[in-house]
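Please examine the sequence and the model shown below. The paragraphs that follow consider pockets and backbone geometry.

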Amino acid sequence: MSVHIGAQPGDIAERVLLPGDPMRAKWIAETFLQDAKCYTQVRGMLGFTGTYQGVRVSVQGSGMGMPSASIYTHELINEYGVRSLIRIGSCGALAMDLQLGDVIAAIGSATDSNMNRTRFDGLVDYAPVADFGLLRTAAEVAERHGTALRVGPILAADAFYTDRPDLYDTLADYGVLAVEMESAAIYTIAARYRARALTILTVSDHLKTGDKMDSAQREQGFSAMVRIGLDTAIAGAA
Ligand code: HPA
């Protein structure tokens, strides 16, 4: 057991999907994995291991925001030997050519979080980026699935409810596609411990138009993203 994950060594696969919502982890395990078993319920942050097309895969809830996602990323890599982490989640779009249900792969993640400012003493604006191999695989997988995958930079924000929407406009001017709340921390910690990480997101709301997905749209949109995440996770497995 690690501090926040109630699994034994060996219970967690080398390849992990990381949804923020633990109930989404359960839904993914029940819907897409064979022989899935729950290995942790600590703090209600459920994790499951099963197989997908014969390859062992785990799905672990990471919670909301970078402090929570950092804890799970750190323990998965350092206590359970996880090598590939694929965050799957939702985002609010900034780019005007994005629509509800569109799927994004985050090539890089700008952030307003203080975590890396502390880490680098405020002397360097570290650039958290996706693992190139996972990103390339995800692009190939999406093409095979016939799902359009928009690759670009995103913002990992500390606050869901912002007082500074003007900053979002400026970021959009610089090509930032969308906002979520975990990717920068996951990319940074994966880099620190030489693991591979990627973030794939479905647009659940549009911050400029005010559009929001309903629950049917969410489930369908999420399935396309989960399939890309799983096929990317197992690529190259023997
Ligand atoms: N902000 C941050 N995270 C999100 C959003 C948002 O608007 N939508 C979905 N995840």
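This is a predicted model: local features need pLDDT of at least 70, side-chain atom pairs count only at pLDDT 80 or more; totals for chains, interfaces and linings use all residues.

Helix 5 makes the greatest contribution to the lining of the second largest pocket, supplying 3 residues. The volume of the second largest pocket is about 260 Å³. Its lining comprises 13 residues, and those closest to the centre are Asp 112, Thr 162, Arg 164, Leu 167 and Tyr 168. Two elements each give two or more residues to this lining, namely strand 6 (103-111) and helix 5 (165-173). Sorted by class, the lining of the second largest pocket consists of 8 nonpolar, 2 polar and 3 charged residues.

Attention may now turn to the largest pocket. Its volume is about 490 Å³. A total of 23 residues line the largest pocket, and Met 64, Ser 90, Cys 91, Phe 160 and Met 181 lie nearest its centre. Strand 5 (84-93), strand 8 (178-180) and strand 9 (196-206) are the elements that give two or more residues to this lining. Strand 5 provides the largest share, with 6 residues. The lining of the largest pocket divides into 9 nonpolar, 6 polar and 8 charged residues.

Most residues other than glycine have a negative phi. Asp 35 belongs to strand 2, which covers residues 34-40. Is Asp 35 buried or exposed? The relative accessible area of Asp 35 is 63%, and the cut-off for an exposed residue is over 50%; Asp 35 is therefore classed as exposed.

A further aspartate calls for attention. Asp 121, a residue other than glycine, has a positive phi near 60 degrees. Where does Asp 121 lie? Asp 121 is placed in the loop between helix 3 (115-119) and helix 4 (132-145). Because its relative accessible area is 63%, Asp 121 counts as exposed.

Asp 35 can then be found in strand 2, and Asp 121 in the loop between helix 3 and helix 4.

Note on methods:
Residues are numbered from 1 along each chain as its sequence is written. Side-chain values use heavy atoms; hydrogens and water are left out. On a 1 Å grid over the protein atoms alone, a cavity is a set of points where a 1.4 Å probe fits but cannot get out, and a pocket is an open set with protein on both sides within 12 Å along at least five of seven lines; lining residues have an atom within 4 Å of a point. Grid points are joined across faces, edges and corners, and a volume is the space filled by probe spheres set on the points. Helices (H or I, at least four residues) and strands (E, at least two) are DSSP runs, numbered from the N terminus. Ala, Val, Leu, Ile, Met, Phe, Trp, Tyr, Cys and Pro count as nonpolar, Asp, Glu, Lys and Arg as charged, and the others, Gly among them, as polar. Buried means under 20% relative accessible area, exposed over 50%, partly exposed in between (1.4 Å probe, protein chains only).
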